[in-house]
Protein chains: 2
Amino acid sequence: MEIRKVNIKDKADLITELHSYKVIAQMNDYYFKLVKARRDFVWHQHPKTDEVFIAVEGSFKLATRDKVFDIKEGEMIVIPGGVEHKPIYEEECCVMLIEPK
Amino acid sequence: MEIRKVNIKDKADLITELHSYKVIAQMNDYYFKLVKARRDFVWHQHPKTDEVFIAVEGSFKLATRDKVFDIKEGEMIVIPGGVEHKPIYEEECCVMLIEPK
């Protein structure tokens, strides 16, 4: 397997389509994915795995049933497995997600 | 478990000691760690796991036996399990590492 470095913001700049997930790296059985989003997602949960969100460009909100987190560029949050959450992208935002493939 | 967001650069600003690893987040059985470094590490490998490096502040070099990668702020690289590598921090750099705990 060829080793290559990834410039995260350069990869973000290549994305022109909303809500289309791009795998930019893999670590063991986890994918690092970039997505540009601008919409409210539905409430959902991942019963068996945590999920990491890192705001790469722009800001978004991540609601749990208890609290709404305002995630700004350069911030990350881990949603534990089994916790209901709802990402809310009021403006276009590019997020890096890390989760099992 | 309390859910909290993490500002990665703010966490980096709190680190005053070189070569001291700080766990800033956990996803399943993986740790996200920050370290400020300024030295050459020894050649080593992790037989059973890939390792992710993300340059948070500053730049560093990551040598494999085939190539030396220049990892600049905002860039990441995945070193596959079993691949010998040697991080080289000629200047102080803050790196986020992702690997199993």
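This is a predicted model: local features need pLDDT of at least 70, side-chain atom pairs count only at pLDDT 80 or more; totals for chains, interfaces and linings use all residues.
Good morning, colleagues. I begin with the overall architecture. Chain A contains one helix and nine strands. Read from the N terminus, the order of these elements is β-α-β-β-β-β-β-β-β-β.

As to dimensions, the C-alpha trace of chain A extends over about 45 × 30 × 20 Å along its principal axes. The radius of gyration of chain A is 13 Å, and this agrees with a compact globule, because such a globule of 101 residues would have a value near 13 Å. Of those 101 residues, 30% count as buried. Among the contacts in chain A with a separation of 6 or more, 61% link residues 24 or more positions apart.

I turn now to the core. Which residues touch the most other members of the largest nonpolar core? They are Val95(A) and Val95(B), in a set of 50 residues. Leaving aside residues up to four places away in sequence, Val95(A) touches Val35(A), Ala37(A), Phe53(A), Ile54(A), Ala55(A), Val56(A) and Phe60(A). In general terms, nonpolar side chains in soluble globular proteins tend to be buried together.

Finally, I consider strand E4 of chain A, residues 51-57. This strand is mostly covered, with five of its seven residues buried. E4(A) pairs with strand E7, residues 75-79 of chain A, in the antiparallel sense over four bridges; here Phe53(A) has Ile77(A) as its bridge partner. E4(A) also pairs with strand E9, residues 93-100 of chain A, again in the antiparallel sense, over five bridges. In that pairing, Glu57(A) is the bridge partner of Cys94(A).

Thank you for your attention.

Note on methods. Residues are numbered from 1 along each chain as its sequence is written. Chains are lettered from A and ligands numbered from 1 in the order in which they are written. Helices (H or I, at least four residues) and strands (E, at least two) are DSSP runs, numbered from the N terminus. The radius of gyration is taken over C-alpha atoms; the globule rule is 2.2 Å times the number of residues to the power 0.38. A residue is buried if 20 or more other C-beta atoms lie within 10 Å of its own, exposed if 12 or fewer, and partly exposed in between; C-beta atoms are placed from the backbone. Two residues are in contact if their C-beta atoms, placed from the backbone, lie within 7 Å. A nonpolar core is a set of buried Ala, Val, Leu, Ile, Met, Phe, Trp, Tyr and Cys residues joined through C-beta atoms within 7 Å. Two strands pair if DSSP finds at least two bridges between them.
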